Amino acid sequence: MSDSNKSDSENTSKARRARGAKKFAEVYKDILSADPEKPTGDAFFDLMIENLFGEIWSRDVMSIRDRRLLLMGAIAAQAQGDVYEIQCLASLNTEQLTIEQLREIPILMTQYIGYPKTTVLRNATEKAIHNWQKAQKAKA
């Protein structure tokens with residue numbers, strides 16, 4: 001690879017990382033963060049920032065809210081309560097979903113994934129709401 005190609009490649013990677021870190025911060029406002037200038041050395045995380053957030057979440061075909069709802073459905077089907085809780089908190093922080101809307105999701109999901117898995121989601125939802133309300137009171 002020539003030096004000019006390498007610098008183009010590096011610039012593209014830097015731009016993708018910056019775009020990905022910006023989108024990551026937008027998606028996970030005040031919950032998780034990524035520094036656009038500093039790769040972590042963790043290939044999994046760095047690729048996630050550049051590819052998933054720099055390319056896929058940055059596409060303008062769907063809103064972040066729409067993508068989040070689809071993601072929440074996928075997480076719900078796997079009953080991943082800890083990951084689901086992060087999505088609930090992020091949706092409250094970004095004002096994409098209300099408390100009432102979050103509480104409605106487990107009700108709907110009972111019919112699609114069953115009560116045992118939905119119980120995990122309900123608990124994660126209530127924990128997220130509790131923690132979010134506590135953080136809001138602390139800010140006041």
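1. Let's start inside: the largest nonpolar core has 18 residues, and Met72, Tyr84, Leu102 and Ile105 have the most contacts inside it. Helices H3, H4, H5 (99-113) and H6 (115-139) each give two or more residues to this core. A nonpolar core here is a set of buried Ala, Val, Leu, Ile, Met, Phe, Trp, Tyr and Cys residues joined through side-chain atoms within 4.5 Å; buried means under 20% relative accessible area (1.4 Å probe, protein chains only). Helices are DSSP runs (H or I, at least four residues), numbered from the N terminus.

2. A word on the source: this is a predicted model, where local features need pLDDT of at least 70, side-chain atom pairs count only at pLDDT 80 or more, and totals for chains, interfaces and linings use all residues. Residues are numbered from 1 along each chain as its sequence is written, and side-chain values use heavy atoms, with hydrogens and water left out.

3. Ile105 is in contact (heavy atoms within 4.5 Å) with Leu69, Met72, Tyr84 and Leu97, leaving aside neighbours within four places in sequence.

4. There is also a second, separate core of 10 residues, which includes Ile49, Trp57, Ile64 and Ala90.

5. Do look at Lys23, in helix H1 (residues 3-27). Lys23 is buried, with a relative accessible area of 16%. Not counting residues up to four places away in sequence, Lys23 touches Phe53, Trp57, Ser58 and Ile64.

6. Finally, the lining of the largest pocket: among its residues are Phe24, Tyr28, Phe53, Trp57 and Gln87. A pocket is an open set of points on a 1 Å grid over the protein atoms alone, where a 1.4 Å probe fits, with protein on both sides within 12 Å along at least five of seven lines; lining residues have an atom within 4 Å of a point.

Key. Buried < 20%, exposed > 50% of the residue type's maximum accessible area, 1.4 Å probe, protein only.
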